Amino acid sequence: MWKKHYRTVSASRPGGAFLSDPSPVTEIPSATFDRLAALARALPEQPVVAPYLLIAGTDARHYQSLSDQVFRFMPVSLGQDDLARFHGHNERLPREQYPHMVRFYAGLMLGR
């Protein structure tokens with residue numbers, strides 16, 4: 001049933017269909033999730049860390065062949081004005097968020 005609906009919606013898109021299987025589920029708890037959570041909690045906003053279902057097509061699907069631990073996470077704090085620009089006119093991230101993002105990704109890559 002879902003395949004029929006999926007094809008109907010996809011076929012009606014201008015410029016052709018975008019067909020992609022759902023991404024595999026990443027295991028939680030895991031050492032990778034714990035590491036991401038610790039880095040996220042160290043951000044200035046000290047976010048609450050919890051797994052969730054992302055219902056969007058992201059570039060993360062291209063990394064599934066490299067790892068079975070693919071997380072969709074962006075270490076940035078966004079306001080209402082920022083959200084309104086997603087995939088729209090003048091899309092950008094707040095400049096003051098860049099240092100936080102760099103520290104997060106450096107910590108992730110360097111194992112800090």
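Mentor: Start with L39. Leaving aside residues up to four places away in sequence, L39 touches F104, G107, L108 and R112. Keep in mind that this is a predicted model.

Two of these names come back in the core. L39 and F104 belong to the largest nonpolar core, along with L36, A40 and L43. That makes five residues in all. Helix α2, residues 31-41, gives the most to this core, with three residues. In soluble globular proteins, nonpolar side chains tend to be buried together.

Now turn to the surface. There, M74, L83, F86, Y105, M109 and L110 form a nonpolar patch. Together they have about 590 Å² of accessible area. Helix α4, residues 98-110, gives the most to the patch, with three residues. M109 has its place in helix α4. Why does M109 count as exposed? Its relative accessibility is 67%, and exposed means over 50%.

Step back to the whole chain. Its secondary structure comes to four helices and zero strands. Along the sequence the pattern reads α-α-α-α. Of the 112 residues in the chain, 20% are buried. The accessible surface comes to about 9,000 Å², and carbon and sulfur atoms hold 58% of that. Finally, take the contacts in the chain with a separation of 6 or more: residues 24 or more positions apart account for 54% of them.

Definitions and conventions: Residues numbered from 1 in each chain as written. Predicted model: local features only at pLDDT ≥ 70, side-chain atom pairs only at ≥ 80, totals over all residues. Heavy atoms only, no water. Patch = residues over 30% accessible without salt bridge, like charges linked within 9 Å, V, L, I, M, F, W, Y side chains within 5 Å. Areas by Shrake-Rupley, 256 points an atom, 1.4 Å probe, with all protein chains shown as cover. Salt bridge = Lys/Arg side-chain N within 4 Å of Asp/Glu carboxyl O. Helix = DSSP H or I, 4+ residues; strand = E, 2+ residues; numbered from the N terminus. Buried < 20%, exposed > 50% of the residue type's maximum accessible area, 1.4 Å probe, protein only. Contact = heavy atoms within 4.5 Å. Core = buried A, V, L, I, M, F, W, Y, C linked by side-chain atoms within 4.5 Å.
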